[in-house]
Amino acid sequence: TPDAFAAIDELSDKLGEQALIGAGTVISPTDCRTALALGAQFIVSPICRPELTLIVHAANRIMVMGAYTPTEAQIAHECESDFVKLFPAEKLGVDYIKALRAPLPHLKIIPTGGVDLNNLASFLEAGCPAVGVGSALVPRKLVEAGDWAALKQRAAEFVRAAQNARRPAAD
């Protein structure tokens, strides 16, 4: 994202305690330190890079380390990443997550990439503590049009879908 650091800085200043601002696609220690210094409360990396967790935890912030394979996911866990980002969730699917968590139930997997209103509940029901949603939540067309009402409505739909997936089944 162009000017990502400036955006993190500005949003942190403007929103302070009202929002949890994070930085994504962080792959280098330098970028990690910069994002944290500018106010990022969590760091998301698409790769399994253990030294990032040390930097993030030294700042008392949250780390979401990327993984694709069982080995990478376990390494992320052993490095004390708070969560494991699994990408692309749409291609790997819910069955992959269930198969991965069968021998590794301690993994706190956050599927990203292709999560939408149609599959969100399935990921949560598979034991994922959260999901990462991108263009399905914030379509470029709506952003470019400045259609904030439609974006707010989409966000409300995702919140409802997550809440419904978390509700215990009625007897």
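The questions and answers below concern a predicted model of a protein.

Local features need pLDDT of at least 70 and side-chain atom pairs count only at pLDDT 80 or more, while totals for chains, interfaces and linings use all residues. Residues are numbered from 1 along each chain as its sequence is written, and side-chain values use heavy atoms, with hydrogens and water left out.

User: What radius of gyration does the protein have?
Analyst: The radius is taken over C-alpha atoms, and the globule rule is 2.2 Å times the number of residues to the power 0.38. For 171 residues, a compact globule would come near 16 Å. The protein agrees with this, at 17 Å.

User: Is S12 buried or exposed?
Analyst: Buried means under 20% relative accessible area, exposed over 50%, and partly exposed in between (1.4 Å probe, protein chains only). S12 lies in helix 1, residues 4-15. Because S12 has 16% relative accessibility, S12 counts as buried.

User: Which residues does S12 touch, not counting those up to four places away in sequence?
Analyst: A contact means heavy atoms within 4.5 Å. Leaving out residues up to four places away in sequence, S12 touches I21, L38, G39 and A40.

User: What share of the residues of the protein is buried?
Analyst: The share is taken over the 171 residues of the protein. Those that count as buried make up 34%.

Technical notes:
Helix = DSSP H or I, 4+ residues; strand = E, 2+ residues; numbered from the N terminus.
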